[in-house]
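Me: I should like to learn how to read a structural model, one feature at a time. May we begin with the chain as a whole?

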Amino acid sequence: FFISIMLTAAEVTESNAFLQKSMDANKKIWATRGADARFAAETKRAAERTTWRQMSGMKLLMHEVGHVGNRPFMIGFGVTALGCMYIQTKFTDEMRANSLYWSTFHADGKKEGGH
């Protein structure tokens, strides 16, 4: 009842190539296991790329500006900043003299504080 299967040389070569690829993949997986391998992989990742957690200052700001989800916030921030700049440029010396806040905290103190 035993039927023997005869393989051709091409099938044997193909089978051996498949098994060799599988063994190489397994060796690669086995090399990534264990505490030492995890530490080596983490060190390699930290050296190769910068995540947003490692950024600071202008670099982080530019990274966040580039995100699509932050676009509405950045548009609002830009409109507010431009509006503040416009208002500051229109704030004349006469307006400063009549402003209780400005004359109390920034001018020569002609008016006494209102609090």
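Reply: This is a predicted model. Of the 115 residues in the chain, 4% count as buried. The accessible surface of the chain is about 10700 Å², and 64% of that area belongs to carbon and sulfur atoms.

Me: What does the secondary structure of the chain come to?

Reply: The chain has six helices and zero strands. Along the sequence, the pattern reads α-α-α-α-α-α.

Me: How many residues of H2 are buried, and what span should the helix have?

Reply: Helix H2 covers residues 35–48, and at 1.5 Å a residue its 14 residues should span 20 Å. The end C-alpha atoms of H2 are 20 Å apart, which agrees with that expectation. As for cover, H2 is hardly covered, with one buried residue among its 14.

Me: Which residues form a nonpolar patch on the surface?

Reply: The patch consists of Met 58, Leu 61, Met 62 and Val 65, which together have about 380 Å² of accessible area. Met 62 lies in helix H3, which runs over residues 57–65.

Me: How should I read a salt bridge, and how many does the structure hold?

Reply: The general idea is that side chains of opposite charge can pair when their charged atoms come close. In this structure there is one salt bridge. It joins the side chains of Arg 96 and Asp 93, at 3.0 Å from N to O.

Me: Where do Arg 96 and Asp 93 lie along the helix?

Reply: An α-helix has 3.6 residues a turn, so residues three or four places apart point the same way. Here, Arg 96 and Asp 93 are three residues apart in helix H5 (residues 93–98), which means that about one helical turn separates them.

Me: How many aromatic pairs does a search of the whole structure find?

Reply: The search finds two aromatic pairs. In one of them, the rings of Phe 91 and Trp 102 have centres 5.6 Å apart and planes at 70°, so this pair is edge-to-face. The pair links distant parts of the chain, eleven residues apart: Phe 91 is in the loop between helix H4 (71–89) and H5, while Trp 102 is in helix H6 (residues 100–105). Phe 91 is partly exposed at 22% relative accessibility, and Trp 102 is partly exposed at 24%.

Me: What sits over the ring of Trp 102?

Reply: The charged end of Arg 96 sits over that ring, 5.1 Å from its centre. Arg 96 therefore has two contacts to trace in the model: the salt bridge with Asp 93 and the place over the ring of Trp 102.

Terms used
Residues numbered from 1 in each chain as written. Predicted model: local features only at pLDDT ≥ 70, side-chain atom pairs only at ≥ 80, totals over all residues. Heavy atoms only, no water. Patch = residues over 30% accessible without salt bridge, like charges linked within 9 Å, V, L, I, M, F, W, Y side chains within 5 Å. Areas by Shrake-Rupley, 256 points an atom, 1.4 Å probe, with all protein chains shown as cover. Salt bridge = Lys/Arg side-chain N within 4 Å of Asp/Glu carboxyl O. Helix = DSSP H or I, 4+ residues; strand = E, 2+ residues; numbered from the N terminus. Buried < 20%, exposed > 50% of the residue type's maximum accessible area, 1.4 Å probe, protein only. Expected span 1.5 Å × (residues − 1). Phe/Tyr/Trp six-rings, centres within 6.5 Å; stacked < 30°, edge-to-face > 60°. Lys NZ or Arg CZ within 6 Å of the ring centre and 35° of its normal.
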